[in-house]
Amino acid sequence: MSETVRIYINARPVDVDAAATALEAVEAWDETQAVAVRSGERMITDSRGIVTANNTPVHNGAIFRIVRTRQTAGEDPDFNSL
C-alpha cells in the first residue's frame with residue numbers, strides 16, 4: 001500500500017499518493033478541471049495565488065487553487081490601450 005497525503009484544492013480535502021504532482025492531484029479531485037489545466041484554460045496556483053507548475057510535487061497540507069487563466073490584451077475585446 002502506498003503512502004497518501006492530504007492536500008486541499010479549492011478548499012476541499014483530497015487524499016492523494018505522496019508521490020503525486022499538482023496536476024495528478026487535480027485529476028484525482030476533478031478530471032474536468034485537470035483537462036482544463038492541460039488545455040491552458042485554467043491554471044494551478046498556491047494558497048497565495050502564485051502560479052504553480054503542473055509537475056510540482058505535493059506535500060501534506062498543500063493548498064492549491066484552480067483559477068481561470070488571464071486573457072492577453074489581444075484576446076480581450078474590451079481592451080483599451082489608452
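Me: What is the relative accessibility of arginine 38?
Reply: Arginine 38 has a relative accessibility of 48%, so it counts as partly exposed. Please note that the model is predicted.

Me: With which residue does arginine 38 form a salt bridge?
Reply: The partner of arginine 38 is glutamate 27, and their closest N and O atoms are 3.6 Å apart. This pair links distant parts of the chain, since arginine 38 belongs to helix α2 (residues 31-39) and glutamate 27 to helix α1 (residues 22-29), 11 residues apart.

Me: And glutamate 27, what does it count as?
Reply: Glutamate 27 counts as partly exposed, with 32% relative accessibility.

Me: Why can such side chains pair?
Reply: Side chains of opposite charge can pair when their charged atoms come close.

Me: How many salt bridges are there in the whole structure?
Reply: A search of the whole structure finds 3 salt bridges. One of them joins the side chains of arginine 6 and aspartate 15, at 2.9 Å from N to O. Another joins aspartate 46 and arginine 48, whose closest N and O atoms are 2.6 Å apart.

Me: Take that last pair: is aspartate 46 buried or exposed?
Reply: Aspartate 46 is buried, as its relative accessible area is 13%. Arginine 48, on the other hand, counts as exposed at 65% relative accessibility.

Me: What about arginine 6 and aspartate 15, which values do they have?
Reply: Arginine 6 has a relative accessible area of 37% and is partly exposed. Aspartate 15 is also partly exposed, with a value of 46%.

Me: Let us change topic. How many helices and strands does the protein chain have?
Reply: The protein chain has 2 helices and 4 strands. From the N terminus on, the elements follow the order β-β-α-α-β-β.

Me: Which residues of α1 are buried?
Reply: Ala22, Leu23, Ala25 and Val26 are the buried residues of α1. They lie on the same side of α1, because they cover an arc of only 160 degrees around the axis.

Me: What covers them?
Reply: The cover over the buried residues of α1 includes β1, β2, α2, β3 (42-46) and β4.

Me: Which residues of the largest nonpolar core touch the most other members?
Reply: This core holds 17 residues, and those touching the most other members are Ile7, Ile9, Val16, Ile44, Val58 and Phe64. Two or more residues come from each of β1 (4-9), β2, α1, α2 and β4 (63-68). Helix α1 gives the most to this core, namely 4 residues.

Me: What is valine 16 in contact with, beyond its neighbours within four places in sequence?
Reply: Beyond those neighbours, valine 16 is in contact with Glu3, Thr4, Val5, Ile7, Ala25, Ala28 and Val58.

Me: Now threonine 21: where is its place?
Reply: Threonine 21 is in the loop between β2 (12-17) and α1. At 19% relative accessibility, threonine 21 counts as buried, because the limit for buried is under 20%. Apart from neighbours within four places in sequence, its contacts are Asn54, Asn55, Thr56, Pro57 and Val58.

Me: Finally, what percentage of the protein chain counts as buried?
Reply: Of the 82 residues of the protein chain, 28% count as buried. The accessible surface of the chain comes to about 5700 Å², and carbon and sulfur atoms account for 48% of that surface.

Conventions
Residues numbered from 1 in each chain as written. Predicted model: local features only at pLDDT ≥ 70, side-chain atom pairs only at ≥ 80, totals over all residues. Heavy atoms only, no water. Salt bridge = Lys/Arg side-chain N within 4 Å of Asp/Glu carboxyl O. Buried < 20%, exposed > 50% of the residue type's maximum accessible area, 1.4 Å probe, protein only. Contact = heavy atoms within 4.5 Å. Core = buried A, V, L, I, M, F, W, Y, C linked by side-chain atoms within 4.5 Å. Areas by Shrake-Rupley, 256 points an atom, 1.4 Å probe, with all protein chains shown as cover. Arc of directions from axis to C-beta.
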